[in-house]
Amino acid sequence: MIAEVIVDVAAATVDRPFDYEVPELWQNLVVPGMRVEVPFGPRALLGIVVATKEESDLTRIKPIVRVLDEVPTYTEELLELSSYLSETTLCYQATALLAMLPAALKVSYDKLILTETARFSHWNRKKISQFPSEVQQEILLAARQGEVELQPVIKEKKTTKTDKRIRLLDPSVPLSSQATKQVLLRDYLIEQKETMWSQVMHELDLTLSIVHTLERKGVLSVETVDINRNPYEHLTQDIFTPARLTDDQQAAVDAITAPDETATFLLHGVTGSGKTEVYLESIHAMLERGRQAILLVPEISLTPMMVKRFKRRFGERVAVLHSGLSLGEKYDEWRKIAQGEVDVVVGARSAVFAPLTNVGIIILDEEHETTYKQEENPKYHTRDVATWRAAFHHCPVVLGSATPILETYARSQKGVYQYLPLKERFGGELPPVDIIDMRKELERGNRTPFSLPLIEGIKQRIERGEQTVLLLNRRGYTTFVLCRDCGETLQCPHCAVNLTYHQQADRLKCHYCGFEAAMPKECPSCSSKKIRQFGTGTQKIEEELAHLIPEAKIIRMDQDTTSRKGAHEKLLNAFERREGNILLGTQMIAKGLDFPNVTLVGVIAADATLGIPDFRASERTFQLITQVSGRAGRGELAGQSIIQTYNPEHYVIQTAKQHDYETFYNREMQLRKLGGHPPFWFLGLITISAAHPLEAQAEAEAIAAQLRHLESDDLVVNGPLDAPLARLKNMYRQQVIIKHKGQEEVREALRAMLALRIKQKIQVTVDLNPFVFM
DNA sequence: AGCACGCCGACT
DNA sequence: GTCGGCGTGCTC
Ligand SMILES: [Zn+2]
Ligand SMILES: [Zn+2]
């Protein structure tokens with residue numbers, strides 16, 4: 001038997017199946033979807049069996065050396081999905097396949113040192129990676145001289161937690177009466193017949209050698225078994241009383257759960273309109289029919305509270321996949337799904353690949369969130385994968401948001417998606433939104449970043465024992481370093497960006513490549529001492545606020561205070577326990593918005609995002625303000641939001657204040673049409689990077705020229721231009737943007753272009769649904 | 001992507 | 001004469 005195998009190499013020249021012989025021993029064992037170890041040239045690689053056949057056209061075929069799975073890791077569906085992904089996002093199939101797996105099922109590569117030379121015996125049978133690089137050089141030299149052999153090995157990352165099942169075999173074997181521990185265990189087993197090592201280890205105070213001795217004597221048998229870690233062990237299912245649904249909610253549930261429904265729905269409802277109840281009820285209905293559900297949420301809203309809510313509602317048959325879990329825990333959750341032990345999967349982007357076999361509904365909550373788009377290969381959008389899987393399983397997709405992206409809303413208007421509005425809001429009207437004109441504050445002589453009404457509002461909340469969340473729009477709160485004599489700003493030596501000053505460490509950092517340096521004492525170009533940081537960092541803002549409101553207890557969340565693992569949760573918990581009365585930070589504070597004691601939300605520079613040269617800047621600002629202002633005062637207490645801006649009459653600010661999506665949409669659509677942007681056009685972003693700027697430019701021009709042959713009324717090629725991030729990690733970057741109407745030929749042309757333009761040292765990447773244009 | 005093989009410049 | 005630079009080609 002022959003297996004067709006995709007090897008774990010991301011390169012165009014090997015982006016196809018390779019034939020391998022299946023050894024006699026595994027003839028009936030190896031099936032498509034299994035991970036195997038295969039020899040590939042001089043290497044040993046992870047491979048994925050995508051098909052089997054009886055014969056191959058080739059004469060020299062190597063055998064599979066190891067089968068890594070007992071049951072296939074990929075279902076037939078997921079194998080098909082990987083083809084769809086590689087075709088539509090123009091990535092290699094290996095990349096698509098690997099992206100669908102939890103990290104624990106990927107492998108690392110190493111080399112085993114084998115030597116008979118006495119001089120090198122201290123290396124024998126050790127892995128090369130355990131030695132420092134200078135020793136590795138010596139080893140490679142010895143290998144070249146034939147003194148040692150390097151055998152490529154692959155190592156699985158999965159660490160299944162195991163236990164030992166101990167069974168009594170023969171109690172009549174004579175034991176020395178002095179071997180008290182052995183007798184103890186035997187007598188225990190005579191009573192219990194079988195036990196687990198983890199149980200008796202402490203109870204009888206045993207060591208493993210005692211067990212092994214008894215195993216050798218034939219008294220008992222030992223079997224290693226996998227056990228599942230359960231990070232949510234303490235949570236049990238509540239007795240569930242169905243929520244009373246509003247008419248809107250009921251209508252939505254009825255539409256979504258109609259028999260044989262396969263549509264994509266847009267569930268459009270403001271914060272507090274009860275989208276979650278619609279999700280829960282729809283999932284419940286699908287489970288009743290014996291089908292399964294995937295609920296996708298942005299990583300940021302995957303809070304312990306949310307997890308608890310789902311565990312309580314659906315009990316043990318829920319798997320939650322999120323970044324807070326360890327590698328092993330993620331793998332355990334994944335395995336529970338694969339083994340059919342769960343019916344509901346809740347998770348962020350990659351949970352859309354959950355290996356369920358009978359999906360009845362897929363939900364994307366907060367569908368406008370940009371984290372649903374993966375920015376590395378495969379550059380997929382979760383919405384597209386969800387739609388594909390729903391088509392495979394003949395089931396509906398639900399897209400939920402208060403602020404759907406224009407593409408989604410437009411599709412619902414055209415009838416491509418079914419529109420399900422939720423108009424009623426629990427707790428009545430949306431909280432009032434006050435727009436503060438910061439120009440007037442400036443005229444009044446207020447030069448702080450905080451308007452008078454905001455300061456008064458915060459003081460009032462502190463008096464009443466309530467809390468405030470202050471959102472800093474990340475843009476505009478970074479500090480750079482400038483020389484006041486020569487005007488030089490300090491740049492990253494590897495990238496075309498300013499270095500950011502970090503007050504905490506008194507160091508300079510590059511956010512793109514990780515470069516770090518000490519803050520210089522003098523200007524590197526003119527040696528002037530008049531060099532210092534400019535711009536207002538979050539720490540500076542905190543200091544100003546503390547100065548204005550001395551009684552405030554401020555919890556600041558930014559890169560500096562949350563870099564340590566778990567610090568994020570810790571700060572949020574402290575805020576929830578009311579150990580602070582102000583939570584100050586960038587977008588990462590969003591989780592704090594749902595705390596019931598928060599009655600004031602302030603957005604410090606709401607329009608900082610408006611100035612970004614990105615056609616989605618208005619949309620993002622609208623989303624931010626609407627999402628934030630819908631949330632204050634979700635508990636018993638009345639809420640308020642204060643939006644500070646220098647553009648109070650801007651349509652984004654005005655429509656967001658009124659929570660008027662419709663007007664915003666109409667206005668924004670006009671601008672998108674005029675500007676030739678999505679949803680009126682599809683985009684393709686081609687990024688070309690090379691070590692030399694002229695190389696990159698020449699290649700980009702060649703690519704643009706080639707694509708211009710396709711130009712028509714429905715296809716426009718822009719560029720090449722310097723990328724906004726013109727240099728990254730010492731590579732110069734050019735961009736070509738192709739605007740089109742969704743023609744199939746575009747993808748084919750780009751695929752052909754990628755296949756043709758494989759020059760070493762010049763990198764070309766394509767994103768067919770770009771959201772980040774850096 | 002790696003890794004080997006191979007063909008030219010500057011070292012012992 | 002040899003070490004090592006990276007250009008080229010192959011991997012079932
Ligand atoms: Zn200077
Ligand atoms: Zn950098």
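**Figure 1. How chain A of this predicted model splits into domains.** The assignment, which comes from an automatic or database domain assignment, gives domain 1 (2-101), domain 2 (161-227), domain 3 (233-422), domain 4 (433-475 + 537-671) and domain 5 (682-768). Domain 2 and domain 4 have their C-alpha centres 62 Å apart. Residues are numbered from 1 along each chain as its sequence is written, chains are lettered from A and ligands numbered from 1 in the order in which they are written. Because this is a predicted model, local features need pLDDT of at least 70 and side-chain atom pairs count only at pLDDT 80 or more, while totals for chains, interfaces and linings use all residues; side-chain values use heavy atoms, with hydrogens and water left out.

**Figure 2. The zinc ion (ligand 1) and its four cysteines.** Here Cys483 (SG), Cys486 (SG), Cys523 (SG) and Cys526 (SG) coordinate the zinc ion (ligand 1) at 2.3 Å. Donors are N, O and S atoms within 2.8 Å of the metal (3.2 Å for Na, K and Ca); water is not among the atoms, so sites may look incomplete. The angles among the four donor atoms run from 105 to 113°, and the site is tetrahedral, a label that asks for all angles between 85 and 135 degrees. Read along the chain, the donor spacing is C-x2-C-x36-C-x2-C. One pair links distant parts of the chain: cysteine 483 sits in strand S20 (residues 480-483) and cysteine 526 in the loop between S23 and S24, 43 residues apart. Strands (E, at least two residues) and helices (H or I, at least four) are DSSP runs, numbered from the N terminus.

**Figure 3. A closer look at cysteine 523 and cysteine 526.** Cysteine 523 lies in the loop between strand S23 (516-518) and strand S24 (531-534), and cysteine 526 is found in the loop between S23 and S24 too. Cysteine 523 is buried at 1% relative accessible area, whereas cysteine 526 is partly exposed at 36%. (Buried is under 20% relative accessible area, exposed over 50%, partly exposed in between, with a 1.4 Å probe and protein chains only.) Leaving out residues up to four places away in sequence, cysteine 523 touches Cys483, Cys486, Glu488, Ser528 and Ile531. On that basis cysteine 526 touches Cys483, Asp485 and Cys486; contact means heavy atoms within 4.5 Å.

**Figure 4. Helix H4 and arginine 186.** H4 (residues 180-192) has 13 residues and reaches 18 Å from its first C-alpha to its last, close to the 18 Å expected, a span worked out as 1.5 Å times one less than the number of residues. Its buried residues are Gln182, Val183, Leu185, Arg186, Tyr188 and Leu189. Arginine 186 has a relative accessible area of 16%. Setting aside neighbours within four places in sequence, arginine 186 is in contact with Pro171, Val173, Leu175 and Val219. Lysine 193 follows H4, with a positive phi near 70°.

How values were computed
Tetrahedral: all angles 85-135°; square planar, octahedral: opposite > 155°, others 65-115°.
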